[in-house]
Amino acid sequence: VVIACPDALGLATPTAVAVGTGIGAKYNILIKDAATLENASKISAIVLDKTGTLTEGKPKVTDIIAFNGFSETEILRYESSIETGSNHPIAKSISEEAKSRNIAVFDKVEKFESIAGHGLRAIVNGKNVLTGTEKLMRDNRVPLDEFQNEIDRLASNGKTLSLLAVDGKLAGVMAVADTVKPSAKKAISGLKELGIEVAMITGDNRKVAEAVGKELGIDRVFAEVLPEDKAKYVKKLQDEGKFVAMVGDGINDAPALAQSDIGIAIGAGTDVAIETGNIVLMKSDPYDIVAAIRLSKATVVKMKQNLFWAAIYNVLAIPIAAGVFYKSFGISLRQEMSALLMSASSIIVATNAVLLKRVEKNLKK
């Protein structure tokens, strides 16, 4: 009875989980529960939001090209005037560019409307102003063909474009570039080495998205995706039989994070995303995704090892304690020896779990 005490079996998983979550916390990876730590090892596909996850989320205006007799100053003035009603990173970058050039916004902005995933509409200084994507312009019958080559050139460089139309005419285009995070490319490479399919999702123009995807080595790109549709793309991968993780930082990413099997939130993101995610990357470093998965795989290995040692101990020790070899060889175990062996099994399991710390040196490689 003494030697059959299942202490070691009871300690096998919790000790490995405790050490694993502790190592994660040390490297600014917050894993919210034991199930997440274990299940992260099963990830076979991962969807990465572009802005704020793979890029810095701090875009800057790089180009302003005027059309139809408008000037750069006029374009920037109209853009910054209408963007004052938006908190999007691109809107902020345009407003900052206007301030740096001492361009004042128009006082009169009426009937402001945000068109989710496409752009903005308002009456600015008495004129109908529309700003946003190519699709938004085409949907509103703004002629683009004459200027398409210039638009395509900017998009092919991986820049996000904001087109401006005033009273139904294309006034110009602003190109905004968001710097790719230094560790993003390394993170993609690390995920592929783990055998994980990598996809990027963004609301950006397809040419822009594909340019960024090519730079980072991402083959599967979901572009021009509306915020409310991101979860559908996660579901699409799940329907293909994949165990899917979603990585994002914004309010718009929350439904996709919830839909995924493992939601990974960027620590610098919104409270909603952090609350929804199963894992939070406190340093907002893309390579921490690789570290979290490696930690999960190492922890699962330790769980299995602990369960093996705890089980094999009982399989071997219980028959001896029951006297199987007593008649043939005179071998038996006294009660005090059984108690010591029972304690030894628990110590072995705990020690093996602590050895998980050896994985630390491989987390950031």
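## A look around T36

Setting aside neighbours within four places in sequence, T36 makes contact with I31, I262, N278 and I279, where contact means heavy atoms within 4.5 Å. T36 sits in helix α2, residues 34-39; helices here are DSSP runs of H or I with at least four residues, strands are runs of E with at least two, and both are numbered from the N terminus. T36 is buried, with a relative accessible area of 4%. Buried means under 20% relative accessible area, exposed over 50%, and partly exposed in between, using a 1.4 Å probe and protein chains only.

## About the model

This is a predicted model, in which local features need pLDDT of at least 70 and side-chain atom pairs count only at pLDDT 80 or more, while totals for chains, interfaces and linings use all residues. Residues are numbered from 1 along each chain as its sequence is written, and side-chain values use heavy atoms, leaving out hydrogens and water.

## The nonpolar cores

A nonpolar core is a set of buried Ala, Val, Leu, Ile, Met, Phe, Trp, Tyr and Cys residues joined through side-chain atoms within 4.5 Å. The largest one here has 46 residues, and I46, I264 and I289 have the most contacts inside it. Helix α13 (residues 287-321) gives the most to this core, with 9 residues. Beyond four places in sequence, I289 touches I46, L48, L191, V247, I264 and L281.

There is also a second, separate core of 20 residues, including I90, I94, F106 and V176.

## Meeting N128

Next comes N128, found in strand β6 (residues 127-132). Not counting residues up to four places away in sequence, N128 touches A122, I123, A165, V166 and D167. N128 and D167 are 39 residues apart in sequence, yet their C-alpha atoms are 4.9 Å apart in space.
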